[in-house]
Amino acid sequence: MTIRRILLTLNYFLLISGIELHASGILIVDASNESYIFPKTTTTNTDINNQIARTVVRLKFVNELNDNFNYKFVMPIPQNANPISIRWNQYGFWQEASISANEQDNTLPDGDGGSTSNIQPELSLYLGENQVSFSPNNQLFELDTITFEITYVELLEYKFGDVNFDLRHNYSLLEDVTIDSIQYSVSLNSDRIIEELSLDNISSIDSINNFYSTTSATLINTVADFDIVGHYTLSSDGLGVIDLSTMIPDSIIQCDEHGEGFFTMIIEPESKINTEVIEKNFTLVVDVSGSMTNDKLGQAKEAAIHIINNLNPGDFFNIIKFNGSVSSMFDQHVPNTFSNRETAISTIEQYTASGGTNISGALSTAIHEFDIVNEDKANIILFFTDGQATAGITNTTGILDAVQNAKNMANTEIFLFTCGI
């Protein structure tokens, strides 16, 4: 039971924030003069499998602007979503766009064959921070019909067994738009028992059993000035362990230089909202050595700040940074107060990377600081690093011995979690 309650806090670190499922796109003819084409029909199918949501959005457009023109298709997607397919159908056959990790061209047409960054604030707000954009080579002639289909995936976040998500279809920032047909369907597969799945009050449950549920909605001639809010609830009984793998067995495809895929494991405690949560003493140990430059240190800082912002009442914390040397932010663990959090966050934001990597010194310092903490709290070290020791004790056996000796001297139970960057 103790382990389950401790893991409740780690759950915030492991899951990705952002659970909106957008389902809207437009054709932009002239961004500076607010010339857009809105879809006539939309179809959105979302399949959720153990928190992995795969959404396919299909939008049909008709050129009713009494002119021929070039254009750009743009659709906002959730902040943490990744597009995996873009295709379009014009004149009766489908064509596929390529997906790459390169930065996409987010410039918008100006109506005269060029591009512009001078767009209205309403359009900027509508597009958001994450979007899919694509410009087919074809012109769109008067009364031409074109259909776009976008597929994207996302890891959903939930808390205490509940997930809320939005099926976005609100064009009111740009114009009052009536759409001939808006269709939604959501299917949910789960290793946890499903207790509920719904889309607002406008949908019905088509089928449901312990581990599978579907729901759908069809709206005809509807003003698209709303978002459909979806919700599902999973059983809160028991400890859940779910592994999500992208391994490609027996394949010539190499996902990266290390092998055949990527692996994520989500560990969650009992999620009953009234479950007692043990108060904790946290030490966050952050590697600021030279090898942590750029994105590595940014990830470690972001994770540390996220954890500080999600501490519970009664928790205490301290921050240790290390490179060739080791220093603690506070003389001892401090209570989770607004002032202490603000001090810690502003200090972490100033961290820069340089020097060697003294892992043994950092861990020994962290462990010794638990000598004077409240024994009724759980003692947790979260250790963020990217590599191997280059200062202090540099061999693995020696580091392990030093950590064990420090723990024996502390004479208290300590949970150590290492987070590789």
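A: Within helix H5, the buried residues are Ile 359, Ser 360, Gly 361, Ala 362, Leu 363, Ser 364, Ala 366 and Ile 367. Buried means under 20% relative accessible area, exposed means over 50%, and partly exposed lies in between (1.4 Å probe, protein chains only). The model is predicted: local features need pLDDT of at least 70 and side-chain atom pairs count only at pLDDT 80 or more, while totals for chains, interfaces and linings use all residues. Residues are numbered from 1 along each chain as its sequence is written, and side-chain values use heavy atoms, with hydrogens and water left out.

H5 is thus mostly covered, since eight of its ten residues are buried. Helices (H or I, at least four residues) and strands (E, at least two) are DSSP runs, numbered from the N terminus. The cover is supplied by several elements: the buried residues of H5 pack against strand S21 (280–287), strand S22 (316–322), strand S23 (326–328), strand S25 (378–385), helix H6 and strand S26 (415–420). In this account, contact means heavy atoms within 4.5 Å.

Two packed helices are described by the angle between their axes and the distance between the axes. Helix H5 spans residues 359–368 and helix H6 residues 396–410; they pack at an angle of about 10°, and their axes are 9 Å apart. The axes are lines fitted to C-alpha atoms, for helices over the stretch in contact, and the angles run from 0 to 180 degrees between N-to-C directions. H5 and H6 are therefore roughly parallel to each other, a description given to angles under 35 degrees. On the H5 side, the contact is made by Ile 359, Ser 360, Leu 363, Ser 364, Ile 367 and His 368. H6 contributes Ile 399, Ala 402, Val 403, Ala 406, Lys 407, Met 409 and Ala 410. An α-helix has 3.6 residues a turn, so residues three or four places apart point the same way.

Among the strands that cover H5 is S25, and Phe 384 has its place in that strand. Phe 384 counts as buried because its relative accessibility is 0%. Lys 301 is 83 residues away from Phe 384 in sequence, yet their C-alpha atoms are 9.2 Å apart in space.

The protein chain has six helices and 26 strands, and buried residues make up 47% of its 421 residues. Among contacts in the chain with a separation of 6 or more, 77% are between residues 24 or more positions apart.

Not counting residues up to four places away in sequence, Val 74 touches Gly 25, Ile 26, Ile 28, Leu 108, Leu 127, Gln 131, Val 132 and Ser 133.

Glu 149 is buried because its relative accessible area is 10%, whereas Arg 58, at 34%, is partly exposed. Glu 149 also meets Arg 87 in a salt bridge of 2.8 Å, N to O. Arg 87 lies in strand S7 (residues 82–90) and Glu 149 in strand S12, so the pair ties together parts 62 residues apart in sequence. Arg 58, Arg 87 and Glu 149 are in this way linked in a network of salt bridges.

Key:
Angles under 35 degrees count as roughly parallel, over 145 as roughly antiparallel, 65 to 115 as roughly perpendicular and the rest as oblique. A salt bridge is a side-chain nitrogen of Lys or Arg within 4 Å of a carboxyl oxygen of Asp or Glu.
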